[in-house]
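Welcome, and thanks for taking a look at this one with us. Please open the structure and keep it in view while you read.

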Amino acid sequence: MLLHAITLDLDDTLWPMAPTLRRAEALMQDWLRQHAPATVAAHDKAAWAALRRSVVADRPDWAHDLSALRRETIRNALLAGGDDPALAGPAFDVFFDARQQVDLFDDVLPALARLAARWPVVALTNGNADVHRVPGLGRHFHGMLSARDLGLAKPAAAVFAAACQRAGAAPAHTLHVGDDPALDVDGALAAGLQAAWVRRPALPDIGAPTGVPHHVVASLTELADRLGV
């Protein structure tokens, strides 16, 4: 099939997400320990998780906005701990800055350079990473769309349609590349795109897609090789 553009997932496709989040959360906790010690003392890991579930349940309209959900979770924790809820903003900023400090998989920059030299590449993420804050990454992207920007998340067909529009290509001529079998592969196929499933051996197995992806690869290098660039 003809290929005119690529849309590309971020977390667990370009870098491992779990260690990034663990590091960001640890730095945020260190900051809170200095500025809101009562909150830290009152909340163990389970308590933070319970607060998060409560916010998710109370604000289904924020399902697409992970930043808003996290900021509100922090605010509720501060209130429960008797600290100033206004500290939620700077505490979130500490987390968010650290969340952009990712460790790219070794193949990403060289393979992305090959792909971007041939086709426009648009980042498409349900998360809150920013490709322009990762050194050396942003220059390879024609554009970026997040669930927060769009007001809805993958696998919604409208998300993929918006990414195709940003890339300037029809869905049938756009290849979506991602790790998640449901959100990325099945979502893209249902929206009429081509799909490449990136199954990195270092990451846990999270199941298989319902549909049949056009490519199954272990790295972006393998994908670039298959696409002949």
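What follows is a short tour of a strand with its neighbours and of a pair of helices. Please keep in mind that this is a predicted model.

**Strand β5 and its side chains**
- Strand β5 covers residues 194-198 and is mostly covered, with five of its five residues buried.
- Gln194, Ala196 and Val198 point one way from β5, while Ala195 and Trp197 point the other way.
- In a regular strand, side chains alternate between the two faces of the sheet.

**Neighbours of β5**
- On the β4 side, β5 pairs with β4 (residues 174-178) in the parallel sense, over four bridges.
- Within that pairing, Val177 has Ala196 of β5 as its bridge partner.
- To get from β4 to β5, the chain passes through helix α9 (residues 181-190), and this β-α-β crossover is right-handed.
- Strand β6 (residues 215-217) also runs parallel to β5, and three bridges join the two.
- Here Trp197 stands opposite Val216 of β6.

**Helices α4 and α5**
- Helix α4 (residues 66-81) packs against helix α5 (residues 88-99) at an angle of about 130°, and their axes are 9 Å apart.
- Because of that angle, α4 counts as oblique to α5.
- The crossing of α4 past α5 is right-handed.
- From α4, the contact is made by Ser67, Arg70, Arg71, Ile74, Arg75 and Leu78.
- From α5, the contact is made by Ala88, Ala91, Phe92, Phe95 and Phe96.

Note on methods:
Residues are numbered from 1 along each chain as its sequence is written. This is a predicted model: local features need pLDDT of at least 70, side-chain atom pairs count only at pLDDT 80 or more; totals for chains, interfaces and linings use all residues. Side-chain values use heavy atoms; hydrogens and water are left out. Buried means under 20% relative accessible area, exposed over 50%, partly exposed in between (1.4 Å probe, protein chains only). Two strands pair if DSSP finds at least two bridges between them. A crossover is right-handed if, with the strands pointing away from the viewer, the path from the first strand over the helix to the second runs clockwise. Axes are lines fitted to C-alpha atoms, for helices over the stretch in contact, and angles run from 0 to 180 degrees between N-to-C directions. Angles under 35 degrees count as roughly parallel, over 145 as roughly antiparallel, 65 to 115 as roughly perpendicular and the rest as oblique. A crossing is left-handed if the near helix is turned anticlockwise from the far one by less than a right angle, and right-handed if clockwise. Contact means heavy atoms within 4.5 Å.
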